[in-house]
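Subject: Structure handover

Hello,

Here is the structure I promised to pass on. Please open it alongside this note; what I found follows below.

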Amino acid sequence: MGVDHLGLYPNIAATEEGMTAVPCGSIQKSSFSSSAKDQLQWYDGEREVYIHPSSINANARGFQFPFLVFLEKVETSKVFLRDTSVVSPYSIMLFGGSVCIQHQAGSVTVDGWLKLSATAQIGVLLKELRYTLDSVMKELIYKPEKAGKIVQNEVVKSIVHLLLEENKQLKS
């Protein structure tokens, strides 16, 4: 999940559950009504968007997380997202845009509109892990011969473990 996200950010959409209250008023809602009352409404930070009928997620009714990454946005009768994948909050914090931690509210937002279900403490830890990962990646740029050993890197191992554990918590 995280690797997909790394390459596709900022191509992300969220349900209302995954957005802060602030930009919701400025997001354009479509004049189209959802084809099914139980179908989730998705937003790309600017307007309402729809999962393209050819996407594997087109007929899904429930999602593990309120976030999707997508490869392409196409506007026909509606704005459609193609090639969608569900993405986790930790992946967004590690590989997404600018992270803002609201200590008083105990919440985390990314790019001012994505609301993540994580405490401020977890947000701080993930932000530090992100800085550390950035250092590891910069080192690989300057020393590409170390790329083969990346899977043994303790930071990378920790991130892989963290993302796997995030998924396990939801399944239990």
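Helices (H or I, at least four residues) and strands (E, at least two) are DSSP runs, numbered from the N terminus. This is a predicted model, in which local features need pLDDT of at least 70, side-chain atom pairs count only at pLDDT 80 or more, and totals for chains, interfaces and linings use all residues. Residues are numbered from 1 along each chain as its sequence is written, and side-chain values use heavy atoms, with hydrogens and water left out.

Overall layout

The chain holds five helices and eight strands. From the N terminus the order is α-β-α-β-β-β-β-α-β-β-β-α-α. Of its 172 residues, 42% count as buried (under 20% relative accessible area; exposed is over 50%, partly exposed in between; 1.4 Å probe, protein chains only). Take the contacts (heavy atoms within 4.5 Å) with a separation of 6 or more: residues 24 or more positions apart account for 57% of them.

A13 sits in strand β1, residues 12–14. Is A13 buried or exposed? Its relative accessible area is 0%, so A13 is buried. Leaving aside neighbours within four places in sequence, A13 contacts W42, Y43, D44, V49, P66, F67, L68, F70, L81 and W113. E48 is 35 residues away along the chain, yet the C-alpha atoms of A13 and E48 are separated by 9.1 Å.

Strands pair here if DSSP finds at least two bridges between them. β2 (residues 42–43) and β3 run antiparallel and are joined by two bridges. Y43 is opposite E48 of β3. The two strands make a hairpin with four residues between them. In that turn, G45 has a positive phi of about 95°. On to β5: two bridges join β3 to β5, and this pair runs parallel. There, I51 stands opposite L81. Side chains in β3 split by direction: E48 and Y50 point one way, V49 and I51 the other. All four are buried.

The cavity

I searched the whole structure for cavities. A cavity is a set of points, on a 1 Å grid over the protein atoms alone, where a 1.4 Å probe fits but cannot get out; lining residues have an atom within 4 Å of a point. Grid points are joined across faces, edges and corners, and a volume is the space filled by probe spheres set on the points. One cavity of 30 Å³ or more turns up. Which residues line the largest cavity? They are Q39, L40, W42, V49, Y50, I51, N57, A58, A60 and F63. Strand β3 (residues 48–51) gives the most to this lining, with three residues. By class, the lining has eight nonpolar residues, two polar and no charged. (Ala, Val, Leu, Ile, Met, Phe, Trp, Tyr, Cys and Pro count as nonpolar; Asp, Glu, Lys and Arg as charged; the others, Gly among them, as polar.)

The β6-β7-β8 sheet

Three strands form an open sheet in the order β6-β7-β8, with antiparallel pairing. The edges are β6 (99–102) and β8 (114–116), each pairing on one side only. The twist averages 25° from one strand to the next. Four bridges link β6 to β7 (residues 107–110). Among the bridge partners, C100 goes with T109 in β7. Helix α4 (residues 120–142) lies across β6 and β7 and runs at about 150° to β6. Axes are lines fitted to C-alpha atoms, for helices over the stretch in contact, and angles run from 0 to 180 degrees between N-to-C directions.

L116 belongs to β8. At 4% relative accessible area, L116 is buried. L116 touches F67, P89, I92, M93, V108 and V110, not counting residues up to four places away in sequence. G18 is 98 residues from L116 in sequence but 6.4 Å from L116 in space, C-alpha to C-alpha.

Two backbone points to check

Most residues other than glycine have a negative phi. D83, in strand β5 (residues 79–86), has a positive phi near 55°. D83 is partly exposed, at 45% relative accessibility. D111 also has a positive phi, of about 55°. D111 lies in the loop between β7 and β8. D111 is partly exposed too, at 36%.

Best wishes

Technical notes: On a 1 Å grid over the protein atoms alone, a cavity is a set of points where a 1.4 Å probe fits but cannot get out, and a pocket is an open set with protein on both sides within 12 Å along at least five of seven lines; lining residues have an atom within 4 Å of a point.
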